[in-house]
Amino acid sequence: MKQAVAELKVDFVSGSVAHRLRFGGGRGQDLAKAMGLRAGKTPTIVDATAGLGRDSFLLASLGAQVTLIERSEKMHALLAQGMQRAEQEGGQFREIISRMTLLKGDSKDLIPALSCDAILIDPMHPERKKSALVKQDLRQVRELVGTDDDAADLVRIAIEHAQKRVVLKWPAKADPIAGVQKCTHQIRGKTTRYDVFMVG
């Protein structure tokens with residue numbers, strides 16, 4: 001019997017996102033370090049590939065003002081609903097959402113008009129060669145948004161317009177994206193690495 005697939009939704013209030021909010025490790029997390037959040041420093045951030053919004057929510061929970069950009073109509077709608085639910089939850093969730101601004105469109109077109117310290121790019125990752133498939137919700141996102149064949153162009157535009165840094169989130173063992181300059185440094189986790197391009 002085939003298992004029914006749960007409908008994809010963006011949930012900031014419960015599940016893994018809420019758990020990470022409570023027990024994630026604050027500014028000591030790899031993502032926060034990669035984006036330049038440290039004592040006394042809270043950069044303004046653009047999340048150029050918002051997806052499920054989890055990284056944006058984490059960064060906003062650490063005090064950053066985050067602009068999320070999503071070009072998929074359906075994904076944008078799911079994000080808007082998820083943000084609305086979190087805002088209605090009130091308290092800490094409402095405060096975090098107040099630091100998040102959601103835009104619809106192609107980041108390549110929108111970034112030149114935005115001012116920010118740091119830009120996060122988390123393109124659809126290459127298909128896994130191993131049998132271990134990515135989590136169900138990420139497979140559903142892939143079905144919705146397709147592949148990001150223009151990731152190299154996006155990184156180049158981001159490097160031109162970010163004031164301090166661009167961070168590319170990529171599988172730890174994946175080859176670099178063709179056509180992208182060498183990064184300044186990397187922060188490596190078990191499954192994910194952050195390629196950091198210092199600019200300005």
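This note goes through the predicted model point by point, from the whole chain down to single residues.

1. **Basis.** The model is predicted: local features need pLDDT of at least 70, side-chain atom pairs count only at pLDDT 80 or more, and totals for chains, interfaces and linings use all residues. Residues are numbered from 1 along each chain as its sequence is written, and side-chain values use heavy atoms, with hydrogens and water left out.

2. **Whole chain.** The protein chain has eight helices and seven strands. These are DSSP runs numbered from the N terminus: H or I over at least four residues for helices, E over at least two for strands. Of the 200 residues, 46% are buried. Buried means under 20% relative accessible area, exposed means over 50%, and partly exposed lies in between (1.4 Å probe, protein chains only). Take the contacts with a separation of 6 or more: residues 24 or more positions apart account for 67% of them. Contact means heavy atoms within 4.5 Å.

3. **Helix pair α1 and α3.** Helix α1 covers residues 15–23 and helix α3 covers residues 54–61; their axes come within 10 Å and cross at roughly 25°. Axes are lines fitted to C-alpha atoms, for helices over the stretch in contact, and angles run from 0 to 180 degrees between N-to-C directions. The two helices are therefore roughly parallel to each other. On this scale, angles under 35 degrees are roughly parallel, over 145 roughly antiparallel, 65 to 115 roughly perpendicular, and the rest oblique. The crossing of α1 past α3 is right-handed, that is, the near helix is turned clockwise from the far one by less than a right angle.

4. **Residues between α1 and α3.** From α1 come S16, V17, R20 and L21; from α3 come R54, D55, F57, L58 and S61. By class, this contact has four nonpolar, two polar and three charged residues. Ala, Val, Leu, Ile, Met, Phe, Trp, Tyr, Cys and Pro count as nonpolar, Asp, Glu, Lys and Arg as charged, and the others, Gly among them, as polar.

5. **R99.** This arginine sits in the loop between α5 (91–97) and β3 (100–104). Is R99 buried or exposed? R99 counts as buried because its relative accessibility is 14%. Beyond its neighbours within four places in sequence, R99 is in contact with A60, S61, G63, A64, Q65 and V66. S61 also belongs to the α3 side of the helix pair above.

6. Setting aside neighbours within four places in sequence, L102 is in contact with L68, H76, L79, A80 and M83. On the same exclusion, L103 is in contact with T67, L68, I69, E70, H76, L110 and L114. L103 counts as partly exposed because its relative accessibility is 26%.

7. L110 is in helix α6 (residues 107–110). At 25% relative accessibility, L110 counts as partly exposed. Not counting residues up to four places away in sequence, L110 touches I69, L103, K104 and G105. A48 is 62 residues from L110 along the chain, with their C-alpha atoms separated by 9.1 Å. For L103 and A48 the figures are 55 residues and 9.7 Å.

8. **Cysteines.** A disulfide is a covalent bond between the sulfur atoms of two cysteines. The rule here is a pair of cysteine sulfur atoms within 2.5 Å. The count comes to zero. C116 counts as buried at 3% relative accessibility. C183 counts as buried at 18%.
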